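Here is a friendly tour of a few contacts between chains and one feature of the surface. Have the viewer open as you read along.

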Amino acid sequence: MLVLAAWATATVDARSTGPGREVLRLLVQQRRITRAADIPLVRLGTTLLPVAAVLAAAVLPFGFRSVSDLPDGVVWFNAMEALAWAAVWLTGWAPNSTLSLIGGYRFLAQGLAYELPHMLAITTAALGAESLQVGAVVDAQSGLWFAVWMPVAFGIYLLSALAMAFWGPFDQPAGADVAGGAAGELSGVDRLVFLGGRWLLLVVAAAFAVPLFLGGGHGPLLPGWAWTVLKTAAVLGFLLWARRRVPTVRMERYVELAWVVLTPLAVAQALVVAVVVLAR
Amino acid sequence: MEAAAWEPVALLFAVTVAGVFLLRGVAAAVRTVREPLHTGPFSGGLEPREHPVSRFHVRWYPVTMIFLAFDMEMLFMYPWTKVVPEVGTPAVVEMFLFLGILLAGVGYAWREGAFRWT
Amino acid sequence: MDLRTRLTRVALAQPAVLLVTSPGATRERLAVEAELERRDWPQAAGPASADLVVFAGTPLPVREDDWAERVWQGVPAPRARVTVTDAVHAAHALDHGHATLLKPGTQHAGHQGHMNHQGHGADHEHESGHGEHGGAHEEHGGHEEQADHGGHEGHGGHEGHRPNGEHAAHQGHGHMDHGGMDHGAMGHGGHQHHMGAVAGLPMAERAADRDELRLDRLHVPLGPALPDWPAGLVLRLELQGDVVQRAEVDPVPTPSASGPAFWNEPWLRAMTGEPVTVGEAARRQCAAHLDSLGRLLGVAGWIDAAGRARDARDSLLGGAGRDELVPRIRPLVRRLRRSWTLRWLLAGVGAQARGPVGGDVHSRLIAWLDAIEHALDAIDGRERLPARPLRGPRGRVDTETPPSQSLLDALPELLEGAEFACARLIVASLDPDLDELAPQQLPVGRNHG
């Protein structure tokens, strides 16, 4: 299901030559080992990315059913998505190459910038539902979507969805200016697993906005799963559109924005929601 | 109950890891050249004078410190979301006082230029 | 086996191309880029993601280091390479490279590199005939093609040592493409161990940073084969983390007999007394700035806008009329001017108070936009270009030192202390044209091609 969604998005993405062909191209490609590279780390780092994305998706409801609706699903999602930090840094470090090293460290700086407003945004949604269980968050939105009365948290979440998948305006860790950055020395199946993992992470991050802020499977006429698919597609479509409008955001500029503007905004949003929760 | 909720997650983990291994296996079967290519790092074609793995100068080091403070705060905030209605106003007041103090710290760090490093 | 061949055929229907441009080969680069755009073949950011390496112009060694060979050795199989030495043959060369890529058998072990090096030699022989492409095209193809992946099979059991040999044998490399020396043998001939070195290279040593902290410092050469990078530019950087501590511009290897710099051509022709219209010069100027703009936007990571700038450049050079160009270029210019994200990200980067490169990256971008709009208005001008002053896209072309030289001279100071991403932006915002530095051969009596 997830793989299909990632596939569909990749097809819409104008820059790729068709994901099927790209997968084949990387499958037949020779592997590549740079001088004095740490090969186990390359394997570990690249594998970790798709694994983290899929595990994060364990709590993602398709309609109203998920693989497992863990009691602390929101925290689980957060923890799994943060594994990407390790994955990208390991992949950047291991090939013993300057540009890929720079790419790996860029993602750590990016993590420091996006993660805090992101965590505050998802806690705000959990606060609105008074539960950390994703199913309960969806149930709390059978009436009004959280995106409507927590617009700031929703906006911040969308930004961090792009940032955690280091994609679009946040692609600096794998940017063209460092010749591919963390992915720059990867070829063949290593590259496939890493970049495929990135697509999965993007799709999962976008799809998680649906249960958190867009009412999950709730909606008139259509069954729950159809609403999930439609809403996820809408979020992904928006992210794809956003990428065309904006250049790559450098962290030395974004960190300041994230901490000085987004974090206080997210705290203010959490305060508003807390007051509403107290009042009802 | 608790363990039962984790079983599907463990299964999913196993399936995913197996999937990645399978993919690597398929690649090993179909790739044009079996042996990996041994090559130098790329920075435009010329060779570096030293090994690139080095003690990397992270100039955003102060940010990690501030982040750590907030990360600890999140440990309290996650469980806090579940008890807000039970505990009532004191819970909200205490949490946002705590956040306010941390934000004052952020303000100070900002004034000191911790978020600018070029 | 057959299945594998068929898989490869499907997989490589649109190969990723690593385009490496040499100084003096702007015309060839533009032809290849336009052709890639037409075929919808993606461009690779480095050798790891490339299938087909296209050298626009014959690559020359830098300080006797045959970097082109090294780039090629870093491309994983299946792979092929072509050299385009004449813009007219770009499409043909790409076809040829693609065919080689798909040819079953060429990618497998046993195909040694010998053949290729001879191929190289042969290419060098008819090179001189290619330099100027005014005359009759009696050449056979204007490109050479190779598919190997030799070199490596020979090295099987030497994983730890081989790179060392490769490093120690820089001089050897220089001869390689002439002599057709066996790569493997050479690698081991130059074998030597540094004290305390790992796999033939020392670890980084420490040096003081700007705050007098002693930190690891890396010496990294940057270029010449990077994406969105001025053709032929090589920077020697001292990096601490991703901060440029010191930068030095390497002397540029230039082909001995070079044609006139492509972007300055109308003015250089006017200099020799040829009749050049204002419109022709304006068209070239507009295209030159759009080319620079595409590169800067590429480095800034705005792929969509960079693609639009390049499309506009190609249709300008293709001779599209003003009615067609204005609706393509005006909206792009307007969007870039208004983009607050671009201002937020570029303002203050690489700022310098005075001099030929005054302002910062953003103000240089705006200056290009102004020049583009200005040139677009003059594109239909039929009057003759005045003989003086001859102001090309990067400055006056009729002075002693070419304008790009002063851009290069300004680089080290601007780069010092910049973060890596900013350093790339600064280079792209100056966009020196190394074609100008070659001993200029004035286009006397040459028909416009």
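Predicted model: local features only at pLDDT ≥ 70, side-chain atom pairs only at ≥ 80, totals over all residues.

An angle over 145 degrees between two axes counts as roughly antiparallel.

Helix H11 of chain A and helix H3 of chain B have axes that come within 11 Å and cross at roughly 170°. H11(A) and H3(B) are therefore roughly antiparallel to each other. Which residues of H3(B) meet H11(A)? They are B:Thr89, B:Val92, B:Phe96, B:Leu99, B:Leu103, B:Val106 and B:Trp110. On the H11(A) side, the residues include A:Glu256, A:Trp259, A:Thr263, A:Pro264 and A:Leu278. By class, this contact has 14 nonpolar, 2 polar and 1 charged residues.

| Helix | Chain | Residues |
|---|---|---|
| H11 | chain A | residues 251-279 |
| H3 | chain B | residues 89-111 |
| H2 | chain B | residues 61-87 |
| H10 | chain A | residues 224-245 |
| H12 | chain C | residues 303-317 |

Chain B also has a nonpolar patch on the surface, formed by B:Met72, B:Leu75, B:Phe76 and B:Phe98, with about 410 Å² of accessible area together. Helix H2 of chain B gives the largest share of the patch, 3 residues, while B:Phe98 is found in helix H3 of chain B.

Now for charges. Side chains of opposite charge can pair when their charged atoms come close. Over all chains, a search of the whole structure finds 43 salt bridges. In one salt bridge, the side chains of A:Arg244 and C:Asp304 meet at 3.5 Å, N to O. A:Arg244 lies in H10 of chain A and C:Asp304 in H12 of chain C, so this pair joins two chains.

Notes
Residues numbered from 1 in each chain as written. Chains lettered and ligands numbered in written order. Heavy atoms only, no water. Axes fitted to C-alpha atoms, helices over the stretch in contact; angles between N-to-C directions. Helix = DSSP H or I, 4+ residues; strand = E, 2+ residues; numbered from the N terminus. Parallel < 35°, antiparallel > 145°, perpendicular 65-115°, else oblique. Contact = heavy atoms within 4.5 Å. Nonpolar A, V, L, I, M, F, W, Y, C, P; charged D, E, K, R; others polar. Patch = residues over 30% accessible without salt bridge, like charges linked within 9 Å, V, L, I, M, F, W, Y side chains within 5 Å. Areas by Shrake-Rupley, 256 points an atom, 1.4 Å probe, with all protein chains shown as cover. Salt bridge = Lys/Arg side-chain N within 4 Å of Asp/Glu carboxyl O.
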